Amino acid sequence: MRNFFTKAFGFILILVAVFAGLVALKYHFSDRFSPGTSGIQGLLGEQKIDYVFIGSSLSRQGYDIDFLQKKTGASAYLVAYNGMSPFLMEPLLKFLVGYEKLRSKTFILEIRAQGVLAAPSLEDTRLFCESPVGLKNQLFQLFANDIPGFGWQQMYELVVLSGNEKILTFPVSNYFIERASYRGGYANKETGSLGPEEFGNLRNPLSGSQAMKPNPRQLASLEAILRFSKEKGLDVIFVAPPLPKPIEEDAVLKLNKQHLGSLLRERGFAYLDGAERFDTANHLYFADSAHLSTAGHRVFTEQVAEFLSMRQR
Amino acid sequence: MVFNSISFLVFFTATVITFFLVPHRLRWLLLLAASYFFYGYCKPGYLGLIVATTLVSFWFAKRIQAAGNRRRKRLQLGLCVGFNLCILFVFKYFNFFSNSIQSLLNAIHATVHIPHIDILLPLGLSFYTFRIISYLIDVYRNDIEAERHLGIFAVYVAFFPQLVAGPIERSPHLLPQFYREQRFDYGKFREGFSFMLWGFFLKLVIADRIAVYVNAIFSNPQLYTGGHCLLAAYLFTFQIYCDFAGYSMIAVGASRIFGYDFVENFRHPYFSQSLQEFWTRWHISLSTWFRDYLYIPLGGNRVPTLRHHANLGIVFLVSGLWHGANWTFLIWGGLHGLGLILGQITSKFRKRFLEGIGLTKYNHITALVKVVVTFHLVCIAWIVFRADSVSHAWSFIRNLPRGWQPNLNYLGSVVLPFTSDNSAVAVFLTSVFFITLMLVVDFIDETRNRRIVYLWRNSICFNRLCLVVLVLAILFFGEFKSSSFIYSKF
């Protein structure tokens, strides 16, 4: 029996040591396995970018980066992670500004009412896996302090489980990912549109009293972004991507969107409401309740490009 | 309580430690208490039914043994088997048959209303019912004496590793083991631990990973193209194997740690060269149950050909229905029965065909062709098994040739439902990697590669390395959002 316990103990010891070593290696080097044409690592590989877009999947599906560069004659890069909100944008922006090798003229940040209404969360673990160690440490502290219910299980899922498939298959998977992306956005992706009936049935996905007013933590992050931008003298533009008309006209979202727009303008920041000159009633422009279709993103990119070109002059 | 949960690991560890600390005469009590705790963990209400059927069946078995003549034995057997089947029917099949009859009556505009019972299917009912029925028949046939110890019999019925999804252990094999004093055996512990790890690997790393894709496509096949449907069909073929074989490995491994031997339930079924062989390798405990308690009593293959084929059809239809109360399961069973019948009818023709094209000279190629064909036949049947309804299955199959595009971007879009973002490619490749690894290990086991088997059994370093790699694969690639096993729903 003693022999058994000795062997079992030895086995567990070796296992724990190997496990801890692999987790440490992953924590320090997971960003090295990221694709070179999207995400933070793709951007850090560039040196001078005129327009850096930061946003969620709405931005990823909203902008045609290649088309935008041709229209504006300027270089652009999109850093988009699902569920991006001011809470996640704050550390990311601070990191990018502090990264010496990267020089950027203008930051275009996605601002959407749903992002500010929702409690802080991490929807896309790629943000964590693709970040260099310094940014990872900051993000990890933020998650532990501010994401509700972020416990041991979430920590394990984030640090140990997330992104392993990419690491295991990176020589092959990165090839396909890099083919399908261009400077952070999609390359040649065709996204279909909603049918008229589906469009008419769209409703605000956020519901309940929690969705009535901005989340305090999100607002605090937004304030921090505004303060930081003023301190560093950054040229920052806020853009609200257009949503389908039934969603735009939702009373709660409309009120919060107006409030955000007023706040940003009062603080002296440029704010573009994507819905203002966009045909939000056209079902062909939308793939679902939040994202633009291929047809829609062309139109939206043209509007944004026009806006940026006017600012340039 | 599911196997793939922290609560099970804590429960199992505590039970094993306590098992080897308590005296042998009290172990049945510990195992029974643990088994009832395991079963009642989520729904204590289920316990009443299993206790009731245990008590009734125990009493009837003694009456069967004590019955003076064959006629009386048969009567007692019929009553008790009928009692168990009635319970199974009420909980599992009543609503299915009532809905089907209602649909038929509605179709002929009859205004009869058949009641519907709002009732949940108790976990493992199909499995322990069949265990009890096999015991009763074994007592009737004098293969085993009626168990005199109620507690031991209750442990046989409810022993937790096999309770929810088998294997369906036979009484002559399992009951005597509960009487033997089990001492802690390091070899058995190591073997059991390896089996459990392999089972967790199959379930958490492979089955639950590919379930995301399979569920997305099968829930709405009309939204996807033929490429998506084909991939989902292949992936489900591996999902159900890894899920069910994974469960069985965990059950066999857990019992081995206690010192008990369970029957092998899977023997690399996707290496089968015919549907007949498939059923000697897939869910072996169920197929042998049907062979011994239905097929052979019906006459088996010792009857005229037509009757033999009818027997096969009946067995597979019943087997299909055992899996679930839905026409899809019946059709799935029927497809396998039909496949077996056609296989037997065409066996001489196929042999002559292979000889004619000269393929019999190349054993390996012939075997590979047979394996691939059998795999695809099984895969097609799984589509029906997985679908929610017959029309759903038909819609899925009709979708298979649609929307194909000969370019790389299309392949990228086919794998997208894994995660709906660009990491889908990585998840797909990871799934393929682990499925390939599983097939390689199965192949090594199938061919009993002497070098590898020798290393596994005799080289401590190799053995430990394999176990460490397996644990790390589970820790880094396991899907831990606790999901139930597919066969626990049957």
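Is B:Arg209 buried or exposed? At 3% relative accessibility, B:Arg209 counts as buried. Buried here means under 20% relative accessible area, exposed means over 50%, and partly exposed is in between, with a 1.4 Å probe and protein chains only. I'll come back to that arginine.

Some ground rules. This is a predicted model, where local features need pLDDT of at least 70, side-chain atom pairs count only at pLDDT 80 or more, and totals for chains, interfaces and linings use all residues. Residues are numbered from 1 along each chain as its sequence is written, chains are lettered from A and ligands numbered from 1 in the order in which they are written, and side-chain values use heavy atoms, with hydrogens and water left out.

Now the interface. Chain A and chain B bury about 2600 Å² between them. Of that, 75% is on carbon and sulfur atoms. Buried area is the accessible area (1.4 Å probe) that two parts lose on being put together, summed over both. On chain A's side, A:Phe4, A:Phe11 and A:Glu165 supply 22% of the area buried against chain B, more than any other three residues. The contact takes 28 residues from chain A and 30 residues from chain B. Contact means heavy atoms within 4.5 Å.

Next, polar links. The rule finds 3 residue pairs in polar contact across this interface, both residues at pLDDT 80 or more. A polar contact is a pair of N or O atoms within 3.5 Å; within protein, one must be able to donate a hydrogen and the other to accept it, and residues adjacent in sequence count only if both atoms are side-chain atoms.

Which elements of chain A touch chain B? Helix H1 (2-29), helix H9 (152-161) and helix H10 (164-180) each supply at least two residues of that side. H10(A) gives the most, with 11 residues. Helices (H or I, at least four residues) and strands (E, at least two) are DSSP runs, numbered from the N terminus. The side divides into 16 nonpolar, 5 polar and 7 charged residues. Ala, Val, Leu, Ile, Met, Phe, Trp, Tyr, Cys and Pro count as nonpolar, Asp, Glu, Lys and Arg as charged, and the others, Gly among them, as polar.

Back to the arginine. The rule finds 1 salt bridge across the interface. A salt bridge is a side-chain nitrogen of Lys or Arg within 4 Å of a carboxyl oxygen of Asp or Glu. A:Glu165 pairs this way with B:Arg209, the closest N and O atoms being 2.6 Å apart. B:Glu479 also forms a salt bridge with B:Arg209, at 3.6 Å. B:Glu479 is partly exposed, at 25% relative accessibility. Together, A:Glu165, B:Arg209 and B:Glu479 are linked in a network of salt bridges.

Helix H9 of chain B (residues 186-219) also holds B:Phe193. B:Phe193 counts as partly exposed, at 27%. Not counting residues up to four places away in sequence, B:Phe193 touches A:Phe11, B:Ile257 and B:Leu467.

A:Asp146 and A:Arg217 meet in a salt bridge (3.0 Å, N to O). A:Asp146 lies in helix H8 (residues 133-146) and A:Arg217 in helix H12 (residues 216-232), so the pair ties together parts 71 residues apart in sequence.
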